Amino acid sequence: MHTHLNLKKEMVGNHVMESCDLLARNIELHRNQLIDLLLKYESFETAEDEVERSLDCLKNISEEAEWLQQGVVGSICVFFPINLPLYSLILYAVVPSFMARELIARPPILMRDLMKDICELLDIVSILPHIKFVDVDRKLFCDAFASVADVVVFTGKYENALLVKEECPDALFIYSGYGVNPIIVTDSANLNLAVEKTIDARIFNSGQDCHGSDIIFVHQKIIIDFSSKLSKKLDTIKVGTDYIDREVKIGPLLKTDQVEKVKDFLTLHTEFITYGGKIESGIVYPTIIEKDIQNITTFYHFEFFSPVFYLILYRTGADLKRYFSDTAYSNAGMYASVFGTCEYSSKIPNTVILQDK
């Protein structure tokens with residue numbers, strides 16, 4: 001009996017390794033064509049990052065093989081995120097497909113043609129024929145597929161996740177949302193490093209990242225220097241309407257409704273904008289907003305999904321406590337990046353602390 005189980009696990013492991021190896025080889029073989037496809041959707045910098053992370057995942061799948069052999073369900077339904085199409089394909093379709101007899105995925109409308117082209121280029125149908133993509137609206141996808149699935153994976157707004165969950169009460173429901181992911185720059189921080197990493201966090205994929213840092217606390221003693229270095233660095237970043245120009249790092253946002261939300265936020269904070277503030281042709285240009293925490297009565301937990309740097313001047317750990325003890329933060333805690341020494345960081349709830357990164 002044990003011999004039979006071990007043999008079965010070995011066969012499953014071999015299937016996972018062979019499939020991932022084939023996919024990795026196809027990505028490397030068609031790398032240039034893949035980049036060209038992704039440039040219709042995102043910057044060259046983002047496309048390169050996606051390719052490297054996808055290859056890293058596939059080539060090191062052996063580290064996860066033990067978990068991928070624990071059991072197989074009948075069906076998994078996946079609601080894809082709107083950003084990072086290649087990496088999303090690997091994380092939300094390819095890897096979980098090893099744990100299901102069938103995986104059915106629904107890409108967002110804006111991504112459908114691109115996802116079809118990527119899947120054809122990588123020959124997904126031949127390598128993993130049990131992955132299916134369907135082009136239907138969310139309600140129909142819920143009714144026809146998710147409502148009878150064993151597992152449902154949803155990425156997107158929390159309010160939408162609750163609506164979808166109601167349609168599939170018997171499924172294991174896995175939600176991937178967003179967090180504020182604050183940055184704290186203390187008076188002992190390496191300023192150049194903090195500025196560099198803050199920019200990386202905010203302009204990646206034109207700011208369209210669920211892990212982007214939507215609030216940046218900067219100590220009173222260094223906020224002038226920090227803001228000055230940040231502004232000078234932003235002056236060197238190229239903004240454009242077409243990612244065919246591989247130097248362009250910031251371009252049009254994918255979701256037009258997000259442009260309007262950011263526009264409303266900037267209008268509300270006009271007097272606090274110290275850099276940028278321009279929105280044109282669907283592009284939110286790099287913008288810095290600076291506020292003093294002592295003048296804030298209500299904190300905004302706002303996902304910019306754009307290259308907006310929301311700086312909050314703070315003085316003490318008590319100032320930070322005001323923000324982090326708020327239930328609205330602790331309910332959505334994910335990561336916090338701390339630059340320099342911060343005694344309060346160990347008290348931040350529901351949060352993984354990233355030191356100097």
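## Helix H10 and its surroundings

The buried residues of helix H10 pack against strands E6 (183–185), E7 (216–219), E12 (308–314) and E13 (335–339), and also against helix H11 (223–234). This description rests on a predicted model. The buried residues in question are Leu 191, Ala 194, Val 195, Thr 198, Ile 199, Arg 202 and Ile 203. Because they cover an arc of only 135° around the axis, they lie on the same side of H10.

At the start of the helix, a side-chain oxygen of Asn 190 comes to within 3.2 Å of the backbone nitrogen of Asn 192.

## Helix H11

Helix H11 has 12 residues, and the distance from its first C-alpha to its last is 16 Å, close to the 16 Å expected at 1.5 Å a residue. Its buried residues are Ile 223, Phe 226, Ser 227, Leu 230, Ser 231 and Leu 234. These residues cover an arc of only 130° around the axis and are therefore on the same side of H11.

The partners of this buried side are E6, H10, E7, strand E8 (273–275), strand E11 (287–292) and E12. On the face turned away from the buried side, H11 carries the exposed residues Ile 224 and Lys 232.

## Loops and positive phi angles

The loop between E6 and H10 contains Ala 189, which counts as buried at 15% relative accessibility. Leaving aside neighbours within four places in sequence, Ala 189 is in contact with Phe 339 and Gly 340. The C-alpha atoms of Ala 189 and Ile 222 are separated by 9.0 Å, although the two residues are 33 residues apart along the chain.

Most residues other than glycine have a negative phi. H10 is followed by Asn 205, whose phi is positive, near 55°. Ser 206, in the loop between H10 and E7, has a positive phi of about 60° although it is not a glycine. Ser 206 is buried, with a relative accessible area of 0%. Asn 350 is likewise not a glycine and has a positive phi of about 50°. Asn 350 belongs to the loop between E13 and strand E14 (352–355) and is exposed, with a relative accessible area of 55%.

## Cysteines

How many disulfides does the model contain? With a disulfide taken as a pair of cysteine sulfur atoms within 2.5 Å, the count comes to 0. Cys 77 is in no disulfide, and the nearest cysteine sulfur, that of Cys 168, is 8.2 Å away. Cys 77 is buried, with a relative accessible area of 0%.

For Cys 119, the closest cysteine sulfur is that of Cys 20; the distance is 15 Å, which is too far for a bond. Cys 119 also counts as buried, at 11% relative accessibility.

## Confidence of the prediction

The mean pLDDT of the chain is 92, and 97% of its residues reach 70 or more. Residues 2–9 have a pLDDT below 50, and this stretch has 1 contact in the model beyond near neighbours in sequence.

Methods: Residues numbered from 1 in each chain as written. Predicted model: local features only at pLDDT ≥ 70, side-chain atom pairs only at ≥ 80, totals over all residues. Heavy atoms only, no water. Buried < 20%, exposed > 50% of the residue type's maximum accessible area, 1.4 Å probe, protein only. Helix = DSSP H or I, 4+ residues; strand = E, 2+ residues; numbered from the N terminus. Arc of directions from axis to C-beta. Contact = heavy atoms within 4.5 Å. Polar contact = N/O pair within 3.5 Å; in protein donor to acceptor, adjacent residues only side chain to side chain. pLDDT = per-residue confidence, 0-100. Expected span 1.5 Å × (residues − 1).
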